[in-house]
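Student: I am new to this structure and would like a close look at its aromatic rings. Could you walk me through them?

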Amino acid sequence: MEAGGECFPKQRQVLIFFLLLGVALASWESRRYSVMEETESGSFVANLAKDLGLGVGELAARGARVVSEDNEPRLQLDLQTGELILNEKLDREEMCGPRDPCVMHFQVLLKKPLGVFRAELLVRDINDHSPEFPEGEMTLKISENSPPGTVFPLKKAQDLDVGSNNIQNYSISPNSHFHVSTRTRGDGRKYPELVLDKELDREKQAELRLTLTALDGGSPPRSGTAQVRILVLDINDNAPEFAKTLYQVQVPENSPVGMLVIKVSARDLDTGTNGEISYSYFYSSQEISTTFELNNLSGEVRLIKKLDFETRSSYELEIDASDGGGLSGRCSVSIEVVDVNDNFPEITISSLTSPIPENSPETEVALFRIRDRDSGDNGRMTCSIQDDLPFLLKPSEENFYTLVTNGALDRESQAEYNITITVTDLGTPRLKTQHNITVTVSDVNDNAPAFSQSAYTLRVRENNSPALHIGSVSATDRDSGANAQVTYSLLPPHDPRLPLASLVSINADNGQLFALRSLDFEALRAFEFRVGAADRGSPALSSQALVRVLVVDANDNSPFVLYPPQNGSAPCSELVPRAAEAGYLVTKVVAVDGDSGQNAWLSYQLLRATEPGLFGVWAHNGEVRTARPLSERDAVQHRLVVLVKDNGEPPLSASVTLHVLLVDGFSQPYLPLPDAAAAEARADPLTVYLVVALASVSSLFLLSVLVFVAVRLCRRSRAASGGGCPVAEGPFAGHLVDVSGAGTLSHSYQYDVCLTGGSGTNEFKFLKPIFPSILSQDLRNKSEGNPTFRNSTLLCYTVGQEELA
């Protein structure tokens, strides 16, 4: 997050965090431990558990670890004992070079809660290096007229050790002309100077060879030697002189190879070869000689290798100008390497937690450290992540950051996050480093299965085969894994009378529904139940859906003839007066069908007749009427076969036989059929008694029914019109039963039924239509499940069966 973009509340949160962390670490100060260089790996350094005031078990519980500034694993923390030990043998010269003291900074990192403790390890020097001169032999040209006390600088030796283990003194082999004086420079380094004690005489001795010894202060001391060759010259009274004794220059670290760093210049007042000047390094280390090139003639110093401020920030050059007479002058060149923003910020991930359970509160995701090897503004950094992510960065000391969740995460909304950590320095130009972290969200069972529909409607044709697949329900769960595995089941029905377990079953894995037995539309037209869908999470979540099963009717019921009755008794004869005109209503065939819809639409037709053309049947209502006027030539007895057929596919049918008698009038006694008369003649006396008894019981029952029906009709008439019910004279009411409706009876009729007097057999005479029929209405009531059909209609049909017989 950019520093300029941070709002005040976030600054206040960071300030409070550091304040609390400072209070918690008030008793801890940066501690310094020490160890001798070249100490063996695995050596004990310190007991961090004791110094931190923590138990050994607490170090392991809080994930303690040691992090060094340069990320080199030189130290190791034993979590079992709390001891800090060396992970490798340390070389002070390799780690720090000439810098003294040699201090390695490191941090002790604790988590849960976060704690960072700073410490230092001082690597003490041992005397493991001897002084070394850059050259095994150095040559001095000294004029013979040099006065005593003249000082001649010598090239100093180099000792990689520091402190008292560095060079402390120089000495020279005994001679009569020179002694060595040890001088100390401003930086504390000692260098030798050769002091002339006695004038030289070239004619006596033109060359001297001396041994220069450098001695360090170690115990035991170490030494190094070099040969000094002294050439005695003739008089050259002017030595080269530089314009400056100290040259200072700043060079950016990104300077190209071959760039001119500086040009030094010296002059000599002598002439000839004594005035010719050549430049050379008075002293140069291997690093200097491989980094800078000095032109012997021009004095130009050029760059021959790339500079790196982070490796070395300054160089000191000693340049010597020598004339042809052997005199020389010396100057110093101080080169300061200027830092440029050439190092990208670094990100080191210390810990990463993934996946993270959804719905969890603020959770630590990652702990990391940032670093920039540049200095100044080039080394100052800002750290940020994308703004549209539910995560926050919390800074701590020592450039450590903690990445935490900003509230609970929802896996169903987003199951994976790609987080880009961006670290930008404040240099010019600004450099940035990005590190991508992928954080996955693990599932928690927080979503119940959801059905695709809240209610399902399934249609099944009746007479199905058992185990028929009738449909499916489907539910999905937004969770994953076992939390999304859905199991289906049938729930107990609300109506305990519904035998659901014997009707349907469900496949627990895919929700497929099966009919366990054959369904009958006439017995069960529809039923409904609930199915449940439960996941396999812990705890399991579930939901419900309503399933309604509609049984579709099939044409599996043939028409049933209610009148004339087909009960196997003696056939019933219809009486028709010979005076009847064409269209006279003889009787009406009444039939019903247990199916519904077009499977129950009935049609009638005359299949056979004794005398074709005399009678006809209306196709829609079953009425049997005369087709022409009757005559005396027509036979007395007629047999008609009527076919009743439904409209199903394929159509089913039933037939009924009608017996019609032509009479001159209703006063004519009933003429039994020949077959019936023969049967009566052959009946024995016991059979006659049984018939008489049955007729008596039937007459009493018929009378009771007629009275009951008359009372009911009277009450209905009162309720409908508010009037009274007319009382019929005689033992029989003038009006019997009102049967009306649609269905197969499309018209309404009334009949005046009279009993002939003085006749041995009670028989009805159909004089004329008087009151409407209710058969059609009762048929419709039957199809709608109205119990009135079972009461009134059957009673009415019983009247026709008993009396007309």
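Tutor: Let us begin with a term: rings of Phe, Tyr and Trp (its six-membered ring) pair if their centres lie within 6.5 Å, and planes under 30 degrees apart count as stacked, over 60 as edge-to-face and the rest as tilted. This is a predicted model, where local features need pLDDT of at least 70, side-chain atom pairs count only at pLDDT 80 or more, and totals for chains, interfaces and linings use all residues. Residues are numbered from 1 along each chain as its sequence is written, and side-chain values use heavy atoms, leaving out hydrogens and water.

One aromatic cluster is made of F451, Y456 and Y488. Across the whole structure, a search finds eight aromatic pairs. One of them is tilted, because the rings of F242 and Y279 have centres 6.1 Å apart and planes at 50 degrees. F242 belongs to strand 15 (residues 241-242) and Y279 to strand 19 (residues 278-283), so this pair ties together parts 37 residues apart in sequence. Strands here are DSSP runs (E, at least two residues), numbered from the N terminus. F242 has 12% relative accessibility and so counts as buried; Y279, at 6%, counts as buried too. Buried means under 20% relative accessible area, with a 1.4 Å probe and protein chains only.

Another pair, F368 and Y401, is stacked, at 5.8 Å centre to centre with 10 degrees between the planes. F368 lies in strand 26 and Y401 in strand 29, 33 residues apart. Both F368 and Y401 are buried.

Note on methods:
Helix = DSSP H or I, 4+ residues; strand = E, 2+ residues; numbered from the N terminus. Buried < 20%, exposed > 50% of the residue type's maximum accessible area, 1.4 Å probe, protein only.
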